[in-house]
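Please look over the model below before reading on. The report that follows describes its helix packing and its nonpolar core.

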Amino acid sequence: MTFVAPHFWKKKTKSIFNFLKRDLYFVKTPWWFKKLYPNCMWDIKTNEKNLYITFDDGPHPTITPFVLAQLKKYNAKATFFLIGDNAKKYPNVLQQIADDGHAIGNHTMHHINGWKTDAQADLNDVKEAKQYINSNLFRPPYGRITKQQIQLLTTNDSTYTIIMWNVLAGDWEQSLSPQKCFNQIKIKFIPEQ
Ligand SMILES: [Zn+2]
């Protein structure tokens, strides 16, 4: 005897799977998540109305110049977490970021996932990227890092400050319109008590 799933069941299961296939992320990082990684910087306490904007994964030959032009328009400074391999490929774009007075940070050589890489290999990839990215700031790709990797990156000759985030734009999602992207983050900038 074969079991034939009713139509509604199939539909429901399909929608659950579609949901699971989506990138799941917190637009605003919850306090308890930050507590899991207390040695990483998630936010900077200030009484001033400051926004610390960061851009990951460049330098990119067309997107980075566009971002730089927008920042210039508003006289804003940002931090770019760069992939070593891209910095090697696009030295002129890297130079432009520096010339415009922005800060840069290391985002590994090959955008590796820290949860799938052993600590020493991860450190070697960061060190390789260091040849092109002169910075003591580090952001792990996908925010994935282990306690052992944190230990290696913050001690001895690798004294990085590990920078995470407290609001995530989700702008890599192609189905997310610019307006929706803006709406979902703007309400998250209300300071925590
Ligand atoms: Zn990244």
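A crossing of two helices is called left-handed if the near helix is turned anticlockwise from the far one by less than a right angle, and right-handed if clockwise. This is a predicted model, in which local features need pLDDT of at least 70 and side-chain atom pairs count only at pLDDT 80 or more, while totals for chains, interfaces and linings use all residues. Residues are numbered from 1 along each chain as its sequence is written.

The protein chain has 8 helices and 5 strands, where helices (H or I, at least four residues) and strands (E, at least two) are DSSP runs numbered from the N terminus. Along the sequence, their order is α-α-β-α-β-α-α-β-α-β-α-β-α.

Two packed helices are described by the angle between their axes and the distance between the axes. Axes here are lines fitted to C-alpha atoms, for helices over the stretch in contact, and angles run from 0 to 180 degrees between N-to-C directions. Two helix pairs can be set side by side.

| Helix pair | Axis angle | Axis distance |
|---|---|---|
| α3 and α5 | roughly 15 degrees | within 10 Å |
| α6 and α7 | about 45 degrees | 9 Å |

The axes of α3 (residues 63–73) and α5 cross at roughly 15 degrees, and that makes α3 roughly parallel to α5. Angles under 35 degrees count as roughly parallel, over 145 as roughly antiparallel, 65 to 115 as roughly perpendicular and the rest as oblique. The crossing of α3 and α5 is left-handed. Thr64, Pro65 and Leu68 in α3 meet Val93, Gln96 and Ile97 in α5, a contact meaning that C-beta atoms, placed from the backbone, lie within 7 Å.

With an angle of about 45 degrees, α6 and α7 are therefore oblique to each other, and α6 passes α7 in a right-handed crossing. Ala119, Asp122, Leu123 and Val126 of α6 make this contact with Gln148, Gln149, Leu152 and Leu153 of α7.

A nonpolar core is a set of buried Ala, Val, Leu, Ile, Met, Phe, Trp, Tyr and Cys residues joined through C-beta atoms within 7 Å; buried means that 20 or more other C-beta atoms lie within 10 Å of a residue's own, exposed 12 or fewer, and partly exposed in between. The largest such core has 22 residues, of which Phe80, Leu82, Ala87, Ile97 and Ile133 touch the most other members. At least two residues of this core come from each of β2 (79–82), α5 (91–99), α6 (119–130) and α7 (147–154). Not counting residues up to four places away in sequence, Ile97 touches Pro59, Thr64, Leu68, Phe80, His102 and Ile104.

Notes: Two residues are in contact if their C-beta atoms, placed from the backbone, lie within 7 Å.
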